[in-house]
Amino acid sequence: MILVGFQFIIADMGFLFANILIVDSSSAFVSETRQVLQAAGYVVRHIEKGREVLAQVEDAPPDLILLATELVDMDGYDVVRQLKRTRELPFVPIIMMGAQERHADITAALNAGADEFLRKSVSNVELLVRVRAMLRLKQTTDELADLNATLEEKVVERTRELEQAHAHLRHTEKLSALGNLAASVAHDINNPLTGILSSLYLMRQDLPADSALVEDVDLIEQQVHIISKLVRQLQNFARPPRLERHPVMLSDIVNSVVTFMRKDLQKNKIEILCECTPDLPLVMAVPDQMGEIFLNLVINARDAMPDGGTLRVYTGTADHNNVYVKIADTGMGISEEIQHHIFEPFFTTKGDKGTGLGLAICYRIVQEHGGNIEVESVVGQGTKFIVQLPAMRE
Ligand SMILES: Nc1ncnc2c1ncn2[C@@H]1O[C@H](COP(=O)(O)OP(=O)(O)OP(=O)(O)O)[C@@H](O)[C@H]1O
Ligand SMILES: [Mg+2]
């Protein structure tokens, strides 16, 4: 409760220290109004000239403006028009104060955009009541604006989540359809392959050791073995074996992949920076499959840096629940359009040198382990693959 003259005004705690700007050139009115407002717990600033109002509001927006209809340098109504026209300003309620309460003055004030009109001789109590009503108006308007802004953000965020879930579903459906196709093709190829291999065996037995055909038979056999290896890979991809999971330390697996690839990378003039945290939380996973993921990613990184570069491998915890492995290269990068396809089986830009199964296999393994794999890339600068897997609970 605040004592004002002989009146008790119940101060609204939410508005205590609200900032009020008085724009007027009559010093008697300003000093009296300032006293009343300060006694009620408000912080009061004062300026004389209408031309200074815009700059003041831009620099430190007040919560309310008390504006005289007549100022030393300009008309108060023009000040209101100017303020209301400036779109980027926050909402500040304006009470116009005139010497008299003439119908024409009130209409002019409201038409210019003011929120309230009072005569200067208004009682202290009425002034405080109107001030509080205007501050409440500001508070509600601000809350609505905040709500509006977060609502838009929430809609955008939710739409993005839905789009991601949709893309994920489409990809999973595609994988499963391709998997079924691959399994049946692999099965149909396997039978004739077995037939070819046994015929080759019989041919070799009938051929004299010095026959010129022996070399051809060797060559055919080699090619058949390449095909049967590919068929095995396809079958593995389509019907992956269910393997046992163990607690694994991803840093150890990444380190052993890097050690295995070290010579090959050095031969390709690739510098290796390995920052693998030794005290990473464990992950429940099939160790060989984890190795397969990181080997695929390191080989891809090597292929992306034909003229050498830097391979950076690091591990860490994303939050308390996830462990990440990041594999970054300074290679050619991947255009946005191609990024949409890289996890699809058989998608390759390497012609005969790639099967296009590497990343599809990584994707499937990571998914089966409840994690996710993402790519960030800039053409001409490099690519980073991020694998995240759920950490084991203690
Ligand atoms: N680090 C990388 N930098 C640039 N492009 C990459 C990178 N990793 C993958 N890609 C692109 O993604 C495609 C698919 O990769 P994926 O590993 O699935 O197949 P591949 O490497 O072409 O063949 P495979 O792995 O079967 O030998 C690649 O052909 C290449 O275009
Ligand atoms: Mg690959």
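Colleague: What makes up the largest nonpolar core here, and which residues touch the most other members?

Modeller: The core has 48 residues, and L250, F294, I327 and C362 touch the most other members. Domain 2 (166-238) and domain 3 (246-390) both give residues to this core, so it lies between them. The term covers buried Ala, Val, Leu, Ile, Met, Phe, Trp, Tyr and Cys residues joined through C-beta atoms within 7 Å. Buried takes 20 or more other C-beta atoms within 10 Å of a residue's own, exposed 12 or fewer, partly exposed anything in between, with C-beta atoms placed from the backbone.

Colleague: What should I keep in mind about where this comes from?

Modeller: It's a predicted model: local features need pLDDT of at least 70, side-chain atom pairs count only at pLDDT 80 or more, and totals for chains, interfaces and linings use all residues. Residues are numbered from 1 along each chain as its sequence is written, while chains are lettered from A and ligands numbered from 1 in the order in which they are written.

Colleague: Which residues does C362 touch, leaving out those up to four places away in sequence?

Modeller: C362 touches I293, N296, L297 and I373. Contact asks for C-beta atoms, placed from the backbone, within 7 Å. There's also a second, separate core of 32 residues, with L21, Y42, I65 and L66 among them.

Colleague: Why is strand 5 called largely enclosed?

Modeller: 5 of the 5 residues in strand 5 (residues 64-68) are buried, so the rest of the structure largely encloses it. Strands are DSSP E runs of at least two residues and helices H or I runs of at least four, both numbered from the N terminus.

Colleague: What makes strand 3 and strand 5 a pair?

Modeller: Pairing takes at least two DSSP bridges, and strand 3 (residues 19-23) has 4 to strand 5, running parallel.

Colleague: R364 and Q139: buried or partly exposed?

Modeller: R364, in helix 10, has 22 C-beta neighbours inside 10 Å, so it counts as buried. Q139, in helix 5 (residues 124-206), has 15 inside 10 Å, so it counts as partly exposed.

Colleague: How many residues surround ligand 1, and which are the closest?

Modeller: 21 residues surround ligand 1, and the closest are A304, T348, G354, G358 and L359. A residue is near if its C-beta atom, placed from the backbone, lies within 6 Å. Helix 8 (287-304) and helix 10 (358-368) each supply at least two shell residues, and helix 8 gives the largest share, 4 residues.

Conventions
Domains from an automatic or database assignment. Contact = placed C-beta atoms within 7 Å.
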